[in-house]
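Please go through the structure shown below with me, one question at a time, keeping to what can be computed from its atoms.

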Amino acid sequence: MRALALVSLVSISVLAQDAKPKPVAVPIASRLPAGATALLEFRGVAGKLRALLASPLGQQLLAHDAVQAFRASDQGRKLLMGDAFVRGINGTGIMGVLDALASKDIAIAVYDTPQKALAVARVDGVEIKKLIAAATLFAKGQIQIVEPESDAGPALYRAGPIYYSVDNELLVVSTVEALARQVRAPTGRASVLGQANIAQARRHAGDADVFAYVDLETYGKNLAQNGKPKDLAQALLLGAFAYYVPQAPWAGVGLRIDADENGWNLDVNANSPAPEKRQQPVEDAFCGTLPTLPFRLPERTLGVVRMRRSLRSVWAHREALIADVGIPKLIEFESNFSNITYMSFVEEFLPNVGEEFVLIGTRRLWKADETAPAIRMPQGAILWPIRNKKNWATKVQLTFNQFVSIINFNQGQNGGDPLLASSVTHKDVVIHTSRYHREDADKRPPFYMNFTPSVAIVNDHLVVASTVDIVRELIDAQNGETAALGGVNAGVWLEPGEIRLALQENRETLVAQSMLEDGSSRANAEQKIDVALELARYVRDVRVTTKAADGKLSVSLRLALQTPEKRTR
């Protein structure tokens, strides 16, 4: 409640201000005393907000049918009435309040606990004092003067648990009287910007519109208590972050958003330093950068996941990297692997696999003579670089046949269609594939008919795929290449346009499922699905990348929104 009151008072206190940002010689955060364990800065983002709304995408969104429908709804009319009420008070309305708030530099710091918070904002003191006088009339005596104005500083007020003061340019709000007094009358004290960790985090964030800092030694105790990953999958997924973030002294996040003729670009970058004494097992297993992938991405690609992971190093250092509770599972995994694949996991498999894991998903095209299941699943493939591929050919075939036998045993238990194994050749590459055999071809195919499990060795990569079609596409794509961003350790890249087409192909099935699950009418179910499809039209690019090298951990998110073309159904 105190944090909510703090933010509310800061919001109210700037609503009468001129929306134009003034030149700032020093960051407003420099007024905060040292010792903060968390810091949040808003750096004059109103100009960015105005640019976003004035851009082609912003204008299209404001004119969108959904916005106009909301304005005509009961909620919209209530909002307009509220806007008129606020306009009668400040002359600018709700948007003016938001514009004025966002145009000011605001810094909020926390000292050990959320109950010890301090906020400063650059304001027009004359207008703020007028606002405080008006608020006092509504407060009915709830606002008290703690200390009157003097040579030592402006007057200090108290409203419930909140202390605040305002002079010609600075608004101070705090949940602790002593903190408010420090900013009200500074006496050469140290600033949060002099804290080494905060200074380093701000440098990494650059000219972000919003910056946040957290002291992990204060707030990351739960992270440290979780300890090492409990299984192999968790270790491979999280990589170095699972081991280094709990030991890191701090984390910083910067957010920047820009508008251009193509749309909006939102970038979020989170950074944290790796420990000074880094663990060699972690460095060997999870650090480093992605190489160039010796495939071009197939057509209709939905997304790609790439991770630099050394399974051989993970296994060699498993007792150092995996929690004790997970070691018995690793022993069981090794035994099962040998039984299924006819090869020793340690002596034959590990020495011959590379250090990159790739997952590719594409939208599947069904042939004219094929009857697709009700839900059309995308097709996917896992790629793993291998060495000595000639020695793998027989083992891959034996393993695939074993896999088909296991599937058929389960299908027989459940009365499902059997899986028939076969081999085909595409451009001199042997593909071990399979398909489900259906006795009753007149009925709509069940869900599992989306899959024709297949495996092949393509361009020195072991390819394990959900369909034979995507293996053929990868064989066709092996003469190209896909470069990785410099220094990237792992990443996810999505293609929103293809994802939207995949959703569109399943629209009728998704509507039917929504009706069954929610008990809603067809019209409401269609509206919900169509809203998701409409939102997808505005997304141009989504990517998440990580870096774990040179003593630095970072995660970057890029979300690009576009001005879509005319609707297509």
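Q: Which residue just after H9 takes a positive phi?
A: This is a predicted model, in which local features need pLDDT of at least 70, side-chain atom pairs count only at pLDDT 80 or more, and totals for chains, interfaces and linings use all residues. Residues are numbered from 1 along each chain as its sequence is written, and side-chain values use heavy atoms, with hydrogens and water left out. Helices (DSSP runs of H or I, at least four residues) and strands (E, at least two) are numbered from the N terminus. Just after H9, a positive phi of about 65° is taken by Gly206.

Q: Why do the buried residues of H9 line one face of the helix?
A: Buried means under 20% relative accessible area and exposed over 50%, with partly exposed in between (1.4 Å probe, protein chains only). In H9, residues 196–205, the buried ones are Ile198, Ala201, Arg202 and Ala205. Taking the directions from the helix axis to the C-beta atoms, these buried residues line one face because, seen down the axis of H9, they fall within an arc of 100°.

Q: Which exposed residues does the face of H9 turned away from its buried side carry?
A: The buried residues of H9 have cover that includes strands E1 (38–42), E8 (210–215) and E9 (250–260). On the face turned away from that buried side, the exposed residues are Ala196 and Arg203.

Q: Is Asn506 buried or exposed?
A: Asn506 lies in the loop between helix H21 (496–505) and helix H22 (507–518). Leaving aside neighbours within four places in sequence, Asn506 is in contact (heavy atoms within 4.5 Å) with Ala374, Ile375 and Arg376. At 7% relative accessibility, Asn506 counts as buried.
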